[in-house]
Amino acid sequence: MMEHPVLYLVVCAAGPAEYIDELVDVLIADGWRVCMIVSPTAAPWLDREALQDKTGYLVRVEWRMPGDPEPHPPADVVVAAPLTFNTVTKWALGINDTLALGVLNESLGAGLPILAFPHVKAELDAHPAYAGHLAVLRAAGVVVAKGKVLNPTDEKDRWAMVIEALRLLRPA
């Protein structure tokens, strides 16, 4: 019997993160094993214990100690949703100062399929460096959604674009 594929879900501190449990439910229903990596800023927004119970895996925020076993199985795909301006900028520059960025950087270097769903204010989207950082990630193979695709107020379709994109990537 083939095991379900593993999805790393990287969550940053943007409005839709408050509803990440909804996405996790759909991912699990779609047959994914979901391993969550959460930015330090997003961590207090989430009920990590409930998410851990739901996924069966530790919701990680911090690096593990040398010699500690890896708490997550290897990923088949990575989804970064929601992704903040700060994380996009640091990721494009290769900055590795949080576990979330470390996972994104390593996944990119490993050639894993990565879907990224930025959720930034219009003022930050207009920042002169932002488009260039998105271009760097796209050139490296990251599938970056265009526009502000995650609407935290639209319960029915809040995660629809994530699910649709992921279903197209689903490993056989």
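1. Helices (H or I, at least four residues) and strands (E, at least two) are DSSP runs, numbered from the N terminus. Helix α1 is followed by Gly31, whose phi is positive, near 95 degrees.

2. The model is predicted: local features need pLDDT of at least 70, side-chain atom pairs count only at pLDDT 80 or more, and totals for chains, interfaces and linings use all residues. Residues are numbered from 1 along each chain as its sequence is written, and side-chain values use heavy atoms, with hydrogens and water left out.

3. In α1 (residues 20–29), Ile20, Leu23, Val24 and Leu27 are the buried residues (under 20% relative accessible area, 1.4 Å probe, protein chains only). They fall within an arc of 100 degrees seen down the axis of α1, so they line one face of the helix; the arc is that of the directions from the helix axis to the C-beta atoms. These buried residues pack against β1 (6–11), β2 (33–38), α2 (48–55), β3 (77–83) and α7 (160–169), contact meaning heavy atoms within 4.5 Å.

4. The open sheet has 5 strands, ordered β2-β1-β3-β4-β5, with parallel pairing (two strands pair if DSSP finds at least two bridges between them). β2 and β5 (143–144) are at the edges with a single partner strand each, so one side of each has no neighbour in the sheet. Between β1 and β2 there are 6 bridges; Leu9 has Met36 in β2 as its bridge partner.

5. UniProt, in an unreviewed entry, lists residues 8–116 as "domain: Flavoprotein"; such annotations may be inferred rather than shown by experiment. Over residues 8–116 the chain is 36% helix and 18% strand, with the end C-alpha atoms 12 Å apart.

Methods. Buried means under 20% relative accessible area, exposed over 50%, partly exposed in between (1.4 Å probe, protein chains only).
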